[in-house]
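Good morning, and thank you for coming.

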Amino acid sequence: MRRSLKTKLFLSILLLTSIILSLVWFFNVKFLDSYYIERKKDSLISYSNYIKNIYKGDIEKIYDELERIENLIGGNITIVTSNGEIEYPVSYRPQYGRMGRGLVKGGLGKYISISREDLKEVLTGKTILNTFKHPKFDIEILSVAAPLNNNKVLIIQSSVASIKEGIDIIKDYYIYIAIISLIIGIILTFILTKIITEPIVRLNKVAQKMANLDFSHKYKVVSRDEIGQLGESLNYLSEKLSFTINELNKANEKLKEDIEKERRLDRMRKEFISNVSHELKTPIALIKGYAEGLKDNVIEDIESKNFYCEVIMDEAEKMSKLVKDLLDLSQLESGHYSLNKEKFDICELADKVLNKYRPIFDEKNIKVSIKKDNDKICVYGDKTRLEQVLVNFINNALNHTGAERVLEVTIKQLANKVIVSIYNSGSFIPEDEIDRMWESFYKIDKSRARKYGGTGLGLSIVRNILKLHNSDYGVRNIKNGVEFWFELKLISIDNNDC
Ligand SMILES: Nc1ncnc2c1ncn2[C@@H]1O[C@H](COP(=O)(O)OP(=O)(O)OP(=O)(O)O)[C@@H](O)[C@H]1O
Ligand SMILES: [Mg+2]
């Protein structure tokens with residue numbers, strides 16, 4: 001299992017606290033006794049030195065002081081003469097005088113224990129320190145024997161048991177202290193680890209989000225320490241990265257668009273060349289064939305010769321139209337073509353175009369009509385180019401009238417615009433072709449277009465002219481036929497001055 005930083009830190013501090021507490025406990029158990037006894041010995045020696053200093057031969061003068069010291073050390077003080085007589089404590093003198101005999105036997109009796117050898121040594125000026133067991137009560141006693149003036153010996157005794165009792169109390173007390181310290185330690189450690197790890201956990205969360213390229217999360221800086229600074233750096237890094245990646249994405253997007261555009265242009269160029277060569281192939285083949293026929297004199301009669309020449313002229317005418325249309329289209333699509341706009345009467349223009357086509361309508365038996373909201377409707381636009389638009393629409397319409405042979409031009413005048421529509425009876429245009437028919441060289445019915453000499457550039461030219469006029473345009477299938485329409489800007493309903 002992966003341990004979190006918080007747990008690790010918590011356990012570490014807890015372990016450290018426990019080790020320190022255990023060490024203290026260990027030293028207490030192991031060395032406190034001997035240390036305490038050593039200290040006690042030192043203190044007994046320093047008291048003996050003190051008594052040596054204040055004792056000038058007259059014991060009565062220092063009674064009170066000796067009693068005070070006895071109370072302080074929890075022991076007793078004895079002063080004996082060189083022959084074993086007890087000079088102090090005074091009240092026990094008879095009793096201790098008797099006990100004093102023990103000295104000859106090797107000890108000072110009930111309370112006092114010093115061997116003759118030791119006494120001799122003390123009398124030579126040495127201080128002797130030892131511990132012995134009380135012969136009756138099995139109590140360990142600490143004893144210091146030190147020389148005084150006038151060949152007297154000072155013996156200070158203190159029970160080790162009283163010392164041990166103190167030590168046991170301390171040991172007991174220590175266990176409580178250790179338990180309480182451990183509990184407080186756990187609580188403090190918990191709080192401390194939370195304080196230390198909480199910012200790191202938050203930093204980690206932000207960094208993880210950043211790793212997933214999510215830069216919306218920021219580190220909330222609450223302290224000015226190293227972690228706070230790290231948080232600030234992380235925020236700065238996040239902002240920089242976010243900005244740079246954004247820029248990169250944008251550049252990438254643009255690059256993709258450019259590549260796509262380039263590809264599209266390339267495709268269009270290729271399509272265009274293939275379309276142009278395809279459109280030229282048939283007339284050139286025809287011209288070539290008929291010209292060779294003429295040259296080889298395969299035909300004798302003048303009628304056939306005329307037919308040959310007509311085919312050649314007709315095909316040459318188609319080629320010339322194609323070239324003209326291509327030039328037109330490239331001009332309009334160049335992006336710097338400017339229209340020659342003027343005010344003119346759209347009704348008059350429509351009439352003019354229809355009149356031009358009159359012989360063809362008659363020849364093809366087409367019923368033509370024109371509906372106008374007004375006799376004269378002034379619009380603003382490039383008259384020549386808009387004539388081209390009308391010619392193209394009418395030309396298309398008359399080639400697609402079907403069996404009904406109806407062609408209808410309508411000029412509708414609205415509040416601020418004019419809608420011109422050209423309707424022809426005939427079959428519907430499939431919905432999925434409606435958008436594509438405005439593309440260059442796009443023909444819905446290729447064989448039919450070939451018959452009337454269509455190259456598929458007409459609607460493309462129309463679209464470009466209308467776009468330059470910012471006019472809306474379109475086509476819809478209506479009652480047994482189709483209707484092409486486009487809008488023009490109206491000068492003014494009342495102002496028919498054009
Ligand atoms: N009124 C119409 N009814 C039915 N289909 C039409 C009509 N007008 C155009 N189309 C279809 O749209 C195609 C594209 O028309 P467009 O005018 O661009 O080319 P075209 O008439 O074939 O040749 P061009 O106009 O260059 O001589 C035509 O080939 C035809 O199939
Ligand atoms: Mg056309």
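Let us begin with helix α2, residues 63–73, in this predicted model. Which residues of α2 are buried? They are Glu-65, Leu-66, Ile-69, Glu-70 and Ile-73. These residues lie on the same side of α2, because they cover an arc of only 140 degrees around the axis. The general rule is that an α-helix has 3.6 residues a turn, so residues three or four places apart point the same way.

What does the opposite face carry? On the face turned away from the buried side of α2 are the exposed residues Asp-64 and Asn-71.

Against which elements do the buried residues of α2 pack? Their partners are α1 (5–54), β1 (75–81), β2 (86–88) and β5 (152–159). After α2 comes Gly-74, which has a positive phi, near 65 degrees.

I now turn to the whole protein. The protein contains twelve helices and twelve strands. Its radius of gyration is 63 Å, whereas a compact globule of 498 residues would have one near 23 Å. Along the principal axes, the C-alpha atoms fill a box of roughly 185 × 65 × 40 Å.

Of the 498 residues, 36% are buried. Among contacts with a separation of 6 or more, 65% are between residues 24 or more positions apart. The protein exposes about 30800 Å², and carbon and sulfur atoms supply 55% of that area.

Finally, let us consider charge.

How values were computed: Residues numbered from 1 in each chain as written. Chains lettered and ligands numbered in written order. Predicted model: local features only at pLDDT ≥ 70, side-chain atom pairs only at ≥ 80, totals over all residues. Heavy atoms only, no water. Buried < 20%, exposed > 50% of the residue type's maximum accessible area, 1.4 Å probe, protein only. Helix = DSSP H or I, 4+ residues; strand = E, 2+ residues; numbered from the N terminus. Arc of directions from axis to C-beta. Contact = heavy atoms within 4.5 Å. Rg over C-alpha atoms; globule rule 2.2 N^0.38 Å. Areas by Shrake-Rupley, 256 points an atom, 1.4 Å probe, with all protein chains shown as cover.
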